[in-house]
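Trainee: Could you take me slowly through one part of this structure, the way its helices pack against one another, and then show me what surrounds that part?

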Amino acid sequence: MHRLASPQHFFLDTKMWVVWLYVVGIIGLLVGSIWGLAFVPPERFQGDSFRIIFVHVPVAIFAQIVYISLAIAGGVHLVWKLRMADVYMAAATPVGFWLTALALGSGMMWGIPTWGTPWEWDARIVSTFFLLILFLGLIVLRQVIPNPARATTALSILAIVGAINIPIIKYSVVWFNTLHQPASIELFGDISIHTIYRIPLFTNIASVFILTAGIILANMRYLTIERNASKTWVQPWIQGRDQ
Amino acid sequence: MTVTDLHCQPGSQELFNGLCLSIVAGEVCELRGPNGCGKSTLLRIMAGLQQPDNGKITRFIEPLGYLGHKFGVSSILTVRENLQWTSTLCGNRLDSHRAREFLEKFQLLSAANKSIQELSAGQKRRCSVICLLIGNYKLWLLDEPFSSLDSSGEELVRELIQDHCRNGGSTVIASHSESRFANANQVELGIS
Amino acid sequence: MRLWLLYRRELLIEIRSGVESFIPIVFFILVVGIFSFVLNEVVSNESKVLVSVVWITTLFTSILSLDNLFKRDHTDGTLAVAVLHSDAVIALVVAKLFGHWTLTGIPITILGPLIGLMSGMQFEHAAMLGLTLLIGTPTITMLGALVTALLVGLGRGGELLTILILPMYIPILLFGMGVCHLYIDSAPYTSELLWCLALLTGTITAIPLALGPVLKLSQDS
Amino acid sequence: MLQRLGFSLGFREEINDGTTYNGWTRYLCVEHVYPHSCRIDWTGNIPIHPTQTIQTKESGRHRVVVKPHRRRRLSIILFLFVGALTTVLIAIFALQNYINHFYPPHQIVSGEVPIDRTIRAGGIVRESSIAHDSTGLGVTFDITDDVSATFSVQYEGILPSLFREGELAVVIGKLDDSGVFNATRVLAKHDENYVPPELEGLIEYDDP
C-alpha cells in the first residue's frame, strides 16, 4: 500500500483500476435499474412512482458515506499529513455534492406523485438538503483560501466538524418534524422492503458504490497530474503522448 | 533551534529546498537576499506561524519573540495598555516602574496615553520592540526591524540586539540593509 | 487572573471602538420588530411564532457580529503574537469568546423575553425563552468562533461565514425553539432542554482548546 | 558539532534540576531511545543556552532535551475527559426520558391534568366509537388505553387519512371540566413505519 502513496506510482498503477471500476459500475447500474424500473411489479400503495427508490436510496446513502469519508480523509490529513488524503478530499467533494443533488432531485421526483408537492418538509429531505449545504460550504471554502496548505487543513477541520454534526442535525430534524407538523409518508419508510425489490436495490447500491469510487479515483488521478505538473515524470502525459 | 532540510513551495516557484540551519545561543544570524526571496516566509516558518511543505524544525526554547511586518500592538488601545496586555500574555509581571523606564528609553513617554492609531510608524515600531523586550524571550526573530525607524531608533535597536546576544540570547534578522554586526553569520537566500 | 485581564481588554476594545459594537443588538431589535409587526395577528395570539422569530434572529445577529471577532486583532498583528504563546492563547481565546458573548449573547437573552412580554407572552413562557437563550447563545458564539477562526484574514470571510455555519446551527436552533414550544404546549420538555445542555457542554469542552491550533494554522495568509 | 537529530519513539523521564526560567521550573527530560528506532548518535555538546549545565550520558544512546514545561498537558487532558463525560451522560439521559411525550388516558380520567392549558393526550381509538355529528365536520370518538380509562374527544376538522379504530392516536387540545377533551388537532400513528433505530419510543403522527 505504501507504494501508492507516491504520486507517480499512484498515477501509473491505478490506470487499470479506474477502467475496471467504470465498466463494472455502469453494467451494475444498468442491470439494477432496468430490473427495478421494468420488471418489478408495481407497489401496492404508490404504484409505479415507487420505482424511483432504486435511484434515490443508493444515491442518498452514498451522499452521506462520501461526506463521512471526507471527514476521515480530513482526520488523516491532520494527523499524518498524507498528500493522498488532500488529493482525495479535493476529488471527492464535487462527487459528493452531485450525489446529494441527485438524491434531492430524485426525492422531489418521487414527491410529486405521492404527496402532490415536490417539496415536502419531511425529515429525510431536509437533512439531505443540509448535507447539500455542507458540501457547498466545503467547495466554496476551498476556492476562497488562496494558500493550498492552509486550504486543506481548514477543509479537513470543517469536514470533521460537519461530520460530527450530521447525526445531530438528522436527529434534531426528525425530532422537530415529528413534534410539530407530523411526518408525512416517509420517503421509503412505510413500505417494508419485500424480497423481490431487495435484489435490484442491492445491485443498484453496489453499482453506485463502484461508480462513485471510479469517478473519485479518476478525479484523483487527474489532480495528481495537475499538482505535479512541474515534475519530470509528468511531462510525457502533458504532451498528451498517452492518456 | 535547528532547522533540518526545509522545503517550502508556496506558489509555483520553489523558495528553498533542503535548507539546514542551526541557531546557537549568543549568535546573530542575518538572512540576506533580494525582495521576494522568502526571507519573511522562512522567518514565519521558524516562528511556527507557517507550515513548511516538508522538513522539520526542532525548537529547544518554546516562547519565541517574533516581530513581523505588522506591528504586534492593537491600534485602538493606548501604549500603556498594550504594554500591560503583552505582559499579561507572556505571564511575567510588569510593574509601572519598569514600564516607565522602557518608555523613557524609547522616548515614548509623551505618547504613553495616546492610542496607537495616532502614533507615527516609527513610534509604533518602537512600541512593538518594547513588547518584545517585555516578553524576555531567548530567541528573537526580527523581520526588517529597522524599517520605518529613524537613526536614533535604529541605533537603539542594534544596541539592544547586541547586549541581548551578549547575555546569551540569539537573534535572526531578515533585512536587506547592509550588515552592521561583526560576528553575524550570513545566510544568503538568492533565487536559484 | 490573566483571563480577567484579557477579558477586560476585550471589553475595552469593544467600548472604545464606539457604536460599531452595538450594531448586533440594534440589528436584533430591528429584525424582531419587523417580524412581529408584519406577522402581527399571528404573533399576538400564538406566542410560539414569536419564540421562533427571536431564535432565528439570534442566529443571524451572532453571524453578523462574529465576523470581526478576530479581524481586528489579525490586522494589528496581535493575533500572531498571541498565537506564539501556545498556553496563553487559550486564555486569550476564552476571553474573546466571553467578550463576544457579553456583547451579543447577554443583551439578546435579556431583550428576547422582554420583547416577548411586551407582545403579550405569558411570564413563564418568556422566562423559558430566556433560559433557552441563556444556554443557546454561548453555544452559538463558540461554534461560530471556530468557523470564523478558519476564515481569519480572508478578504470576504463574512458572507461565506453564513453558508458554513448555518447547517451547524440547526440543532441548536431546533432544540432551543423546541423547548419553548413544548413548554408552551405544557408538554414535558426535559429531554430537549438536556439536549441543549449537552450541546453546550460539548462545545465548551471542544472549542476553546481547538481554537488555539486553528488560529495558528490560519495565520499564514 | 551538531549531529543530525531526529524525533524518535521513546519515553520521557523528567529530572527536576531545580533551576527556574522566568517563573517555570525547568525539567531536564531525557528521552531513552529504543534501539529499533532511528539511530541517533549523539556526541559532543548541544548548543544550549550556556547558563544551563548538562549532564552527559556516556552510553551515547540518550538524547538530552532541555524543555521548560509545566504541568499543563495533564490539566488539559483532565478537562477534556470531564467535559466529554458530562456531554455523553447528558445526551444519554436526554434520550432516555424522551418517551413520555403525552398524557396517558388514565391520567386524563383521574384528573391529574391541568384543565385550562393545551395538553397532549394519546391512546388507542376505541372500536366503533367514531360518531360524525350531522352538521358537518364535528366528530366525537373515545380514546382508551385498553385497560380501564377512557375519555371522549370532540374534534372539529378532517380526521387524518390513517386514523382508524384500534390504532394509536394523539390529540392536542384542552380538557374541559366535564371530562370531554375538545381537541384542536388529531394525529394518527402510522401502521408500519421506518422508525430510526434510536427513536424506538417515538410515535410518528400523520395528519393531512
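Mentor: A crossing of two helices is called left-handed if the near helix is turned anticlockwise from the far one by less than a right angle, and right-handed if it is turned clockwise. With that in mind, and remembering that this is a predicted model, we can begin with α7(C) and α8(C), whose crossing is right-handed. These two helices, α7(C) and α8(C), pack at an angle of about 155 degrees, and their axes are 9 Å apart. Angles over 145 degrees count as roughly antiparallel, and α7(C) and α8(C) are therefore roughly antiparallel to each other. Sorted by class, the residues in the contact of α7(C) with α8(C) are 14 nonpolar and nine polar, with no charged residues.

Next, consider the other packing of α8(C). Helix α8 of chain C, which covers residues 123-150, also packs with helix α10 of chain C, residues 190-217, at an angle of about 25 degrees and with the axes 9 Å apart. An angle under 35 degrees counts as roughly parallel, and this makes α8(C) roughly parallel to α10(C). Here α8(C) passes α10(C) in a left-handed crossing. On the side of α8(C), the residues that make the contact include T132(C), I135(C), G136(C), M142(C) and L150(C), while α10(C) contributes, among them, C196(C), L200(C), T203(C), I207(C) and L215(C). By class, the contact of α8(C) with α10(C) has 17 nonpolar residues and four polar ones, and no charged residues.

Helix α1 of chain D runs over residues 72-96, and at 1.5 Å a residue its 25 residues should span 36 Å, which agrees with the 37 Å between its end C-alpha atoms. As a whole, chain D has two helices and ten strands, and 18% of its 208 residues count as buried. Among contacts in chain D between residues at least 6 apart in sequence, 48% join residues at least 24 apart.

Chain B itself has five helices and eight strands, which follow the pattern β-β-β-α-β-β-α-α-α-β-α-β-β along the sequence. Of its 192 residues, 41% count as buried, and residues 24 or more positions apart account for 75% of the contacts in chain B with a separation of 6 or more. For one residue of chain B to look at by itself, take H7(B), whose place is in strand β1 (residues 2-8) of chain B. H7(B) has 14 other C-beta atoms within 10 Å and is partly exposed. The C-alpha atoms of H7(B) and G55(B) are separated by 5.9 Å, although these residues are 48 residues apart along the chain.

Notes. Residues numbered from 1 in each chain as written. Chains lettered and ligands numbered in written order. Predicted model: local features only at pLDDT ≥ 70, side-chain atom pairs only at ≥ 80, totals over all residues. Axes fitted to C-alpha atoms, helices over the stretch in contact; angles between N-to-C directions. Helix = DSSP H or I, 4+ residues; strand = E, 2+ residues; numbered from the N terminus. Parallel < 35°, antiparallel > 145°, perpendicular 65-115°, else oblique. Contact = placed C-beta atoms within 7 Å. Nonpolar A, V, L, I, M, F, W, Y, C, P; charged D, E, K, R; others polar. Expected span 1.5 Å × (residues − 1). Buried ≥ 20, exposed ≤ 12 C-beta atoms within 10 Å, placed from the backbone.
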